[in-house]
Amino acid sequence: MDLIPSVVSDLIAGLAATGIVGSAALLARKVAWGAARRFANLLGWPLVASVFFGVSLLSAFLRGTWVERVVVLGILLALTAFVMLLRFGPERLHLSAPATVQPLVRFVRTYPWRILTTIFFLTTITLLALNLQTSSPSPPGERITFVVSLDDTEMLVFRDILDELEPELGAQVFLMNVDCSRYVSRLDKMRAAGDMKWDLIAVDNNMLGVLAAKDLVEELPEGEEYVELVPDSLIYSLRPLLRFEGTFYFAPFRPNVKIAYYNEHKFVQYGLEPPRNWDQLLEVAKVFKEREGVGRVAIQGEPGAAAAVTFFEFVRAAGGDPLTLDDDGSTEAVTFLKKLEPYLAPEYKETTFNTANEFLIDEQVYLVSNWTFGIGVVVEDAGKKEIKAYSGWSGPEGEVHVLGGDVLAVPKGAAHADTAIELIKLLLTKETQQTMLSRLRWLPVRLDAYYGVPPEIAPYFEAVKDAMARAEARPTEPQWTLAENILDGAFQGLIRDGEDITVLEKYSAMLKEIPSEFIRYTVKDGDTVDRIASRYDTTPTIIHEANCMTAGTSIGPGQILLVPQQ
């Protein structure tokens, strides 16, 4: 934390108010008349002092600043009040004081301005000392690198939260923003070189299987520390994400789930209720299309992960298996989506987590399912109070939501693994989880951290809790990265491009071609992806996708690749 902003953080608020009141008091002495002038002459200075301390104390309290600073400001405010009471209070008050304190009373009444000036000086010095103490650098050598994948706004706020945790951690935290698509290859190369530069990572839960299978993350402690890493109040649906093949590799961090956002004004205008099942969803989409001449309901259909998640949810809601697509539930989901597609907003083809918010704000879409950060962007930042939310709609076999979000892991060979684990514990405390909810609108992993949500957004978080209760984790096996691409292709082909439903069999066959088992292969001198693929009777594409690599990514000796078991 910078020293100068820390020193003036509370004082500036008090000084600003003091300047306003002081100017008014001086003006009153010059131009006021009668009682106003007498008041300004008699109580102007005490009023200025009271405003200074009062506003400083209020600023410190509202900003959640350190307890020590609030206490100091409170004590000094009380001393100021005591001095003014003795100087300006009823005469019987000081006359009735015991003889032993009469010298003190006479001193205060004789020199009130000097005393108050001294209190001003002591306030500044004390706050400076406290800020120096809380702003002191962490112990030399204790600096861990924490890698995240956040947008710029989130980075700034999360950086502030880490600043507040550093004194208790006893180490500095270097926060590094890296696109999550680069995690695996970067970790693999550092591990192979024996030079792991990262100490802690926040990783999307769809990559867990690859990270663990490639031996890129450390096991987390199971003993007495386990309860601090997996609190009793942890949301139950998060527990399956923490282990791979029975081993504890991942700690919860910030879950995510999609909820349904809708424009209440538009629904009221057309006499509609938010749809709770597929039939109602289709009917609402038809009404908007018929009344406005264009679809106003969207699902996330942008090519890539967005469309794959949408397809996964619809298939599971019909009781189908997204990893095979060879059952009645899968066919029923595709049949319904093909019925719904003509009534969807044309924007659905480019709807993803960020554009969904834009379409709601611009009123291009009146109903769309999106992740929870839409609460902050659409409702709070954009002020679209008419946008309400509920958990969503159910299919023939129930309501299903993909469990998204990030988990925490310690990279293999991290230099400061123990300190990283201590930071995980701090991030998972009820207090920190509530802070992240308050400042970032990140969902807490603990149920006991949802208390105290501001009333104006409480209904949205009720919708979130309803959705979390119906959330399903995506498969954590390495095969998921390959399946996700096929599901995206199936959505684009069958729904967006209108392929006949019989083509579903093609995508089912592609899923069945995904290798059922992968093993680790250590790259040797002269190896290329093409040569390794040929050696294991597979394709370079499968090697790339199974290892979260883009085509053309270089490999080097010592790296570990997942290859199909022969």
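## Close-up views of helices and salt bridges

**View 1. Helix α8 passes helix α18 in a right-handed crossing.** A crossing is right-handed if the near helix is turned clockwise from the far one by less than a right angle, and left-handed if anticlockwise. Helices (H or I, at least four residues) and strands (E, at least two) are DSSP runs, numbered from the N terminus. This is a predicted model, in which local features need pLDDT of at least 70 and side-chain atom pairs count only at pLDDT 80 or more, while totals for chains, interfaces and linings use all residues. Residues are numbered from 1 along each chain as its sequence is written, and side-chain values use heavy atoms, with hydrogens and water left out.

Look for α8 at residues 152-169 and α18 at residues 417-427; their axes come within 11 Å and cross at roughly 115 degrees. Axes are lines fitted to C-alpha atoms, for helices over the stretch in contact, and angles run from 0 to 180 degrees between N-to-C directions. On the α8 side, the contact is made by F158, L162, L165, E168 and L169, and on the α18 side by T419, E422, L423, L426 and L427. Contact means heavy atoms within 4.5 Å. These residues divide into seven nonpolar, one polar and two charged. Here Ala, Val, Leu, Ile, Met, Phe, Trp, Tyr, Cys and Pro count as nonpolar, Asp, Glu, Lys and Arg as charged, and the others, Gly among them, as polar.

View 2. A salt bridge is a side-chain nitrogen of Lys or Arg within 4 Å of a carboxyl oxygen of Asp or Glu, and the structure holds 26 of them. R159 counts as partly exposed because its relative accessibility is 22%.

**View 3. R296 and E292 form a salt bridge.** Their closest N and O atoms are 2.8 Å apart. R296 counts as buried, at 17% relative accessibility, whereas E292 is partly exposed, at 25%.

**View 4. Helices α14 and α15 pack at an angle of about 120 degrees.** Find α14 at residues 305-317 and α15 at residues 328-340, with their axes 8 Å apart. The two helices are therefore oblique to each other; angles under 35 degrees count as roughly parallel, over 145 as roughly antiparallel, 65 to 115 as roughly perpendicular and the rest as oblique. F311, F314 and V315 of α14 meet G329, S330, A333, V334, F336 and L337 of α15. The residues of this contact divide into seven nonpolar, two polar and no charged.

**View 5. H544 is found in helix α24 (residues 540-546).** H544 is buried, with a relative accessible area of 13%. Leaving aside neighbours within four places in sequence, H544 is in contact with V529, M549, T550, A551 and G552.

Note on methods: Buried < 20%, exposed > 50% of the residue type's maximum accessible area, 1.4 Å probe, protein only.
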